[in-house]
Amino acid sequence: KPIHILNGPNLNLLGLRQPEIYGRETLADVAARCEALAAELGAEVVFRQSNHEGAIVEMIHEAREAASAIIINPAAYTHTSVAILDALNAFEGPVFEVHISNVHKRESFRHHSYVSLRADGVMAGFGTEGYLLALRRAVSVLKA
Ligand code: DQA
């Protein structure tokens with residue numbers, strides 16, 4: 001089964017939005033790099049984004065059957081969403097949380113993550129490379 005890489009609100013504007021924080025790469029660039037790495041590792045990825053909390057909850061429900069692991073950047077919902085945490089708690093495979101920026105270096109409201117209560121690992125502050133590192137980890141955990 002593929003690894004699902006899920007992205008939350010405003011990440012559709014990656015590359016345009018606060019490039020001093022998030023860089024100049026677009027989400028399509030990140031998706032392409034994840035697909036290329038997955039091919040190299042003999043894995044498959046499904047890459048998705050939504051600005052809507054309920055849509056992300058439903059993507060996680062779909063992953064229950066369809067995905068071997070979830071890599072998620074819940075963006076601002078990281079810090080607010082019990083619903084996304086509950087949905088992830090209903091998923092049985094490994095879950096990895098990614099933040100492009102180092103959330104711990106930023107405003108205190110970004111220091112708490114509901115999703116971290118479920119995540120098996122967290123990448124923060126590694127830029128978009130965090131997705132690739134999380135993908136390598138997901139593949140090795142699934143092989144173990
Ligand atoms: C983010 C960090 C969040 O605090 C923020 O709301 C985002 C992106 C990151 O990737 O660094 O939208 O998840």
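Modeller: Tyr22 lies in helix α1, residues 19-22, and everything said here refers to a predicted model.

Colleague: What makes Tyr22 partly exposed, and not buried or exposed?

Modeller: Tyr22 has 19 other C-beta atoms within 10 Å. A residue is called buried at 20 or more and exposed at 12 or fewer, so with its 19 Tyr22 falls in between and is partly exposed.

Colleague: Which residues does Tyr22 touch, leaving out those up to four places away in sequence?

Modeller: Tyr22 touches Leu14, Arg17, Ile100 and Ser101. Ile100 itself sits in the loop between β4 and β5 (121-124), and besides Tyr22 it is in contact with Gly23, Gly127, Thr128 and Gly130, again setting aside neighbours within four places in sequence.

Colleague: Why is Ile100 called buried?

Modeller: Ile100 has 23 C-beta neighbours inside 10 Å, and because 20 or more is what the term requires, Ile100 counts as buried.

Colleague: Where does His99 lie, and why does His99 count as buried?

Modeller: His99 belongs to strand β4, residues 95-99. Inside 10 Å it has 23 C-beta neighbours, and since the term applies at 20 or more, His99 is buried. Apart from neighbours within four places in sequence, the contacts of His99 are Asn73, Met123, Ala124 and Gly130.

Colleague: What makes the phi of Asn10 worth a remark?

Modeller: Asn10, in the loop between β1 and α1, has a positive phi of about 75 degrees although it is not a glycine. Most residues other than glycine have a negative phi. Ala75, in the loop between β3 (69-73) and α4, is likewise not a glycine and has a positive phi, of about 50 degrees.

Colleague: Are Asn10 and Ala75 buried or partly exposed?

Modeller: Asn10 has 15 C-beta neighbours inside 10 Å and counts as partly exposed. Ala75 has 20 other C-beta atoms within 10 Å, and because the cut-off is 20 or more, Ala75 is buried.

Colleague: At which residues does UniProt place the feature "binding site", and how do you know whether they gather at one spot?

Modeller: The unreviewed entry names Asn73, His79, Asp86, Ile100, Ser101 and Arg110. They span 38 residues in sequence, and since the farthest two C-alpha atoms are 24.3 Å apart, they do not all gather at one spot. One of them, His79, lies in the loop between β3 and α4 and is partly exposed, with 16 C-beta neighbours inside 10 Å. Beyond four places in sequence, His79 is in contact with Phe109, Arg110, His112 and Ser113.

Colleague: How do you know that the reach of helix α2 is close to the expected one?

Modeller: Helix α2 (residues 27-41) has 15 residues and reaches 21 Å from its first C-alpha to its last, against the 21 Å expected at 1.5 Å a residue.

Colleague: Which residues of α2 are buried, and what puts them on the same side?

Modeller: In α2, Val30, Cys34 and Ala38 are buried, and they are on the same side of the helix because they cover an arc of only 70 degrees around its axis. An α-helix has 3.6 residues a turn, so residues three or four places apart point the same way. The cover over the buried residues includes β1 (3-7), β2 (45-49) and α5 (129-143), whereas the face turned away from the buried side carries the exposed residues Ala36, Ala39 and Glu40.

Colleague: Why is Glu92 called exposed?

Modeller: Glu92 is placed in the loop between α4 (82-89) and β4. It has 8 C-beta neighbours inside 10 Å, and because 12 or fewer is the limit, Glu92 counts as exposed.

How values were computed: Residues are numbered from 1 along each chain as its sequence is written. This is a predicted model: local features need pLDDT of at least 70, side-chain atom pairs count only at pLDDT 80 or more; totals for chains, interfaces and linings use all residues. Helices (H or I, at least four residues) and strands (E, at least two) are DSSP runs, numbered from the N terminus. Two residues are in contact if their C-beta atoms, placed from the backbone, lie within 7 Å. The expected span of a helix is 1.5 Å times one less than its number of residues. The arc is that of the directions from the helix axis to the C-beta atoms. UniProt positions are given in the numbering used here, feature names are shortened, and annotations may be inferred rather than shown by experiment.
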